[in-house]
Amino acid sequence: MSAVPNTPPRVVMKATALVKRYGQVVALDGTDFELRAGEILAVIGDNGAGKSSLIKALSGATTPDSGSIELDGVVTRFRSPIDARRAGIETVYQDLAVAPAMTIAENLFLGREMRRPGWRGSVLRMLDKRRMIEESVARLAELKVGIRSMSQALETLSGGQRQCVAVARAAAFAKHVVIMDEPTAALGVKEGGMVLELIRRVRDRGLAVVLISHNMPHVFEVADRIHVARLGKRATVLNPKKIGMSDTVAVMTGALRPEDLPADALAH
Amino acid sequence: MSAGASNMKADKPNAPGPHWPAGLSVAVLGPVIALVLACAFFATQSDRFLSGSNFSLILQQEAVVGVIAIGQTLVILTGGIDLSCGMLMALGGIIMTRFTTTLGMPPLLAIACGIGATALFGLVNGLLVTRIRLPSFIVTLGTMNIAFAATQLYSGAQTVTDLPPLLTRLGDTFSIGSTEFAWSTVAMLALYGAAWFILRETAAGRHVYAVGNNPEATRLVGIPTQRVLLVVYVVAGALYGVASLLSVARTGVGDPNAGQTDNLDAITAVVLGGTSLFGGRGVIVGSLVGALVVGVFRNGLTLMGVSSIYQVLVTGVLVILAVTADQLSRRGAR
């Protein structure tokens with residue numbers, strides 16, 4: 001076995017020393033963040049640890065007071081979630097951000113509707129509904145989401161299926177990163193498993209995934225690395241293959257210090 | 001955990017509930033059935049009911065409410081309500097008519113000013129709802145009173161008469177076969193056609209539904225939610241101005257007391273037409289059917305010699321029945 005030099009993993013997104021204050025409360029206290037290509041990075045942390053503030057900064061929902069965010073090595077500044085979207089970062093919010101009365105195809109293209117070619121599209125501004133339905137069928141099939149009709153209202157789907165549509169929407173339009181905020185929180189065992197399977201497929205298609213979750217079994221099922229947030233900072237990044245769930249929770253609560261962990265449990 | 005794909009059951013292919021892309025589907029079926037039943041009933045009560053000229057009359061009588069209902073539908077689709085619609089219509093009428101008679105303005109310019117004024121009030125409604133974040137009910141309750149007062153003050157509580165013929169042109173009729181139809185009917189149908197097209201086939205129209213269904217979601221996916229709402233209120237205001245032209249054309253005068261029953265009649269037409277008061281659901285053609293249902297009852301009861309107070313009673317009962325039917329059908333669909 002010849003020695004193959006370890007090429008350093010490609011960093012898709014990186015944040016350095018992010019600070020965010022809300023009045024007297026310091027939500028982010030100089031936290032770092034690193035997301036590598038082709039991985040599922042879980043972000044865990046106790047309440048108040050700063051994980052939702054971190055995600056809001058990465059998805060463009062808030063602008064940090066100081067610190068920098070880099071996308072593929074280029075320093076970027078997000079003034080709104082639209083900026084982040086334009087940069088190729090898609091976010092699946094906890095409440096899905098969907099219009100339940102509208103169809104699956106309409107929801108997939110919400111805010112990004114396709115218009116018909118020619119004068120019908122430019123002068124009359126007519127939507128190309130057929131193409132949007134075809135695209136929706138293709139995108140969902142790609143990710144093996146088994147929903148038959150794109151013309152049914154989203155509210156006719158189960159919670160797990162709706163989540164899959166929201167995830168598929170993010171995966172369809174993301175160029176680098178998909179951020180998912182508690183995607184399995186409201187789901188039962190079977191539907192949760194369905195969504196995790198879908199998240200793996202998104203990763204396998206080449207997108208890097210940031211997964212915020214408080215569900216340890218789910219985290220350990222899919223994550224390649226685990227970012228532990230604590231007291232507004234990044235406490236450490238763990239390797240789920242080399243550390244157990246209870247030790248991970250102990251690091252999260254501060255009962256166990258990262259310095260006391262064996263070296264291979266860390267994944268920096 | 002290899003369950004994955006095979007467990008993602010396709011949803012029941014015959015899932016009940018609204019399938020909106022079909023457009024004129026389940027949603028409008030209820031109001032259409034109501035309209036057909038009402039017509040059938042009144043046909044048995046009076047032999048003058050089922051005639052071309054009577055139907056043409058109903059269309060003319062409901063043109064004003066019908067057009068106001070288009071604007072009202074747009075507002076209700078976004079989850080709001082516009083209580084000022086009838087009063088703005090009256091204001092538009094007074095402005096149009098007084099600008100020509102008192103100021104001697106060319107009629108077309110006066111019409112533009114009337115529509116511009118109602119659109120401006122619509123803009124005020126929209127700004128108060130989007131910038132100050134006041135509930136539309138409160139805002140339009142206020143502008144309703146302001147518009148009414150402005151109309152009374154500017155007109156001196158006098159009807160405006162001796163109008164140039166151009167202002168009443170839309171009240172003129174033309175014949176198809178032996179039946180006479182008014183141009184106002186054509187205008188109303190054309191506006192419904194345009195509204196139906198925009199709401200169904202354009203992104204802007206779909207955004208109106210999305211904003212009504214989940215405004216937070218629209219904000220997060222990049223739809224300019226505030227702008228959509230503002231445009232809806234301005235367009236609604238402009239439509240009330242067009243309705244005022246139809247009202248002037250029908251009555252031949254500028255009436256400062258117009259629109260007082262039209263206010264709630266328009267909302268009734270929208271509700272009867274199946275549009276949900278919670279926003280995000282409804283078919284614009286339903287409002288036309290709703291206006292016609294109101295018109296059929298009014299016309300039918302008049303032919304039967306029933307006092308107009310009973311017409312008001314019947315309209316009230318109809319609204320409650322319509323909302324109840326809508327609620328029950330939605331509960332059954334889930």
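**Cavities, a pocket and a helix**

Reply: Start with the second largest cavity: its lining divides into six nonpolar, five polar and one charged residue. The model is predicted. The volume of this second largest cavity is about 60 Å³. Helix 4 and helix 10 of chain B each supply at least two residues of its lining. The lining includes B:Met89, B:Ala90, B:Gly93 and B:Ile94. It also includes B:Ser244, B:Ser247, B:Val248 and B:Thr251. B:Val253, B:Gly254, B:Asp255 and B:Ala258 line the second largest cavity too.

How many cavities of 30 Å³ or more does the structure hold? There are three. The largest cavity has a volume of about 140 Å³. Its lining has 15 residues, and those closest to the centre are A:Arg85, A:Glu90, A:Thr91, A:Tyr93 and B:Leu220. Which element gives the largest share of that lining? Strand 6 of chain A does, with four residues. Helix 2 (81-86), strand 6 (89-92) and helix 6 (159-173) of chain A each bring at least two residues to the lining of the largest cavity. By class, the lining of the largest cavity holds nine nonpolar, two polar and four charged residues.

Now the open space. The second largest pocket holds about 570 Å³. Elements giving two or more residues to its lining are helix 3 (52-77), helix 7 (183-201), helix 8 (203-213) and helix 10 of chain B. Helix 10 of chain B gives the most, six residues. The pocket is lined by 22 residues, and B:Ile198, B:Ala204, B:Gly205, B:Val208 and B:Val231 lie nearest its centre. The classes in this lining are 16 nonpolar, three polar and three charged.

What covers the buried residues of helix 6 of chain B? The cover includes helix 4 (85-101), helix 5 (107-130), helix 10 (225-251) and helix 11 (260-272) of chain B. The buried residues themselves are B:Ser136, B:Val139, B:Thr140, B:Thr143, B:Met144, B:Ala147, B:Thr151, B:Gln152 and B:Ser155.

Helix 6 of chain B has 20 residues, so at 1.5 Å a residue it should span 28 Å. The end C-alpha atoms are 27 Å apart, which agrees. Just past the helix, B:Gly156 takes a positive phi of about 65°.

Zoom in on B:Gln152. It is found in helix 6 (residues 136-155) of chain B. Is B:Gln152 buried or exposed? B:Gln152 counts as buried because its relative accessible area is 18%, under the 20% cut-off. Leaving aside residues up to four places away in sequence, B:Gln152 touches B:Ala157, B:Pro256 and B:Asn257.

Last, the cysteines. A disulfide is a covalent bond between the sulfur atoms of two cysteines. How many disulfides does a search of the whole structure find? Zero, over all chains. B:Cys39 is buried, at a relative accessible area of 16%. B:Cys113 is partly exposed, at 27%.

Note on methods. Residues are numbered from 1 along each chain as its sequence is written. Chains are lettered from A and ligands numbered from 1 in the order in which they are written. This is a predicted model: local features need pLDDT of at least 70, side-chain atom pairs count only at pLDDT 80 or more; totals for chains, interfaces and linings use all residues. Side-chain values use heavy atoms; hydrogens and water are left out. Buried means under 20% relative accessible area, exposed over 50%, partly exposed in between (1.4 Å probe, protein chains only). Contact means heavy atoms within 4.5 Å. The expected span of a helix is 1.5 Å times one less than its number of residues. On a 1 Å grid over the protein atoms alone, a cavity is a set of points where a 1.4 Å probe fits but cannot get out, and a pocket is an open set with protein on both sides within 12 Å along at least five of seven lines; lining residues have an atom within 4 Å of a point. Grid points are joined across faces, edges and corners, and a volume is the space filled by probe spheres set on the points. Ala, Val, Leu, Ile, Met, Phe, Trp, Tyr, Cys and Pro count as nonpolar, Asp, Glu, Lys and Arg as charged, and the others, Gly among them, as polar. A disulfide is a pair of cysteine sulfur atoms within 2.5 Å.
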